Amino acid sequence: MQTRLRSEKIFDWFNMLVMLLICFATLYPVWYVLINSFNEGTDAMRGGIYWLPRVFSLESYTTVFKNDGLMTAFGITVAKTVLGTFIHVFFTAMVAYAVSQRELAGRKLYLIIGTITMFFSGGLIPQYLLLRDLHLLDTFWVYIIPAMFSFFDLIIFMTFFREIPYGLEEAAKMDGANDFSIFVRVIIPVSMPVVATIALFHGVYQWNDYFAGVIYVNDPNLQPIQTFLYRIVALSGSNQIVSTVTGVTKTVTSQSVKLATMVVATLPIVFVYPFLQKYFVKGFMIGSMKE
């Protein structure tokens with residue numbers, strides 16, 4: 001019996017050690033970027049910085065926030081994340097509520113067509129031509145309109161809506177409410193877990209999306225911060241960035257500016273996540289258990 005208990009204890013310690021190693025391997029790269037971004041750029045080029053900044057400096061961040069192009073890109077990213085997430089959640093939830101009604105004519109056909117689009121698409125070139133014909137290229141709405149709807153998110157919304165007691169809708173109809181009023185005043189308020197989950201999913205997507213800015217937007221004043229960061233990373237091997245993109249002193253290098261930009265671009269979404277985590281966990285449990 002004692003041998004068995006000792007073996008279980010060793011196994012528990014081993015599991016804990018493995019988890020700590022995984023956590024370290026996951027978090028250390030983030031820590032490495034953070035400490036190097038707070039180190040003087042020319043000194044960081046010598047290497048050997050692993051745990052704490054060797055020569056503490058805020059010059060890289062000063063350079064980042066003095067750059068008009070980056071702050072414009074940051075504003076575009078915030079605007080498209082907030083507006084894009086709101087429109088996506090509202091529009092997708094509204095369609096999901098309509099499709100979740102069993103009396104909807106052609107409901108099964110809509111679901112079949114939507115499921116096919118999850119696995120097959122026209123490709124990049126047809127999408128580019130479509131957006132060009134819709135006059136969305138080089139406009140802010142190229143970030144919003146193509147991302148208004150997701151069939152995958154529709155399925156998540158439908159799963160949640162089906163668990164809402166029908167008596168709530170019936171009571172609202174008896175009070176004279178129409179379908180849109182029921183959706184806005186009854187369905188959405190009781191669906192905050194799934195709404196927050198989809199909002200977090202799409203908000204992270206909108207914040208991290210650089211591809212749309214690279215392919216569909218040529219105007220530098222409309223490019224989001226992730227596209228701006230992408231261009232810095234693409235040119236990171238050249239000191240030209242220091243003079244043309246940032247216009248900085250010689251204590252700042254292209255590498256230090258790149259790291260500082262990465263931190264500035266990442267921290268906002270990291271700070272938002274803890275406030276939505278409780279809804280995020282609830283949203284993941286949708287449909288996992290049946291009474």
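**Notebook: aromatic rings and a nonpolar patch**

I started at F119, which lies in helix α5. Helices here are DSSP runs of H or I with at least four residues, numbered from the N terminus. The model is predicted, so I kept its limits in mind: local features need pLDDT of at least 70, side-chain atom pairs count only at pLDDT 80 or more, and totals for chains, interfaces and linings use all residues. Residues are numbered from 1 along each chain as its sequence is written, and side-chain values use heavy atoms, with hydrogens and water left out.

**Entry: the patch**

Is F119 buried or exposed? F119 is exposed, at 62% relative accessible area. I noted the cut-offs: buried is under 20%, exposed is over 50%, and partly exposed is in between, with a 1.4 Å probe and protein chains only.

I then looked up the nonpolar surface patch, about 750 Å², and found F119 in it with I112, I116, M118, F120, F152 and I155. Patch residues have over 30% relative accessible area and no salt bridge, and nonpolar side chains are joined within 5 Å. A salt bridge puts a side-chain nitrogen of Lys or Arg within 4 Å of a carboxyl oxygen of Asp or Glu. Areas come from the Shrake-Rupley method with a 1.4 Å probe. Helices α5 (107–119) and α7 (151–161) each give the patch at least two residues. The largest share, 4 residues, is from α5.

**Entry: the rings**

How many aromatic pairs does the structure hold? I found 17. Rings of Phe, Tyr and Trp (its six-membered ring) pair if their centres lie within 6.5 Å; planes under 30 degrees apart are stacked, over 60 edge-to-face, and the rest tilted.

I checked F86 and F90 next. Their ring centres are 6.3 Å apart and their planes at 15°, so this pair is stacked. Both sit in helix α4 (residues 68–99), 4 residues apart, about one turn of the helix. F86 is exposed at 60% relative accessibility. F90 is partly exposed at 30%.

F90 also pairs edge-to-face with F183, at 5.7 Å centre to centre and 65° between the planes. F183 is in helix α9 (residues 179–187) and F90 in α4, so the pair ties together parts 93 residues apart in sequence. F183 is buried, at 1% relative accessible area.

I listed one aromatic cluster: F86, F90, Y97, F157, F161, F180 and F183.

Technical notes. Patch = residues over 30% accessible without salt bridge, like charges linked within 9 Å, V, L, I, M, F, W, Y side chains within 5 Å.
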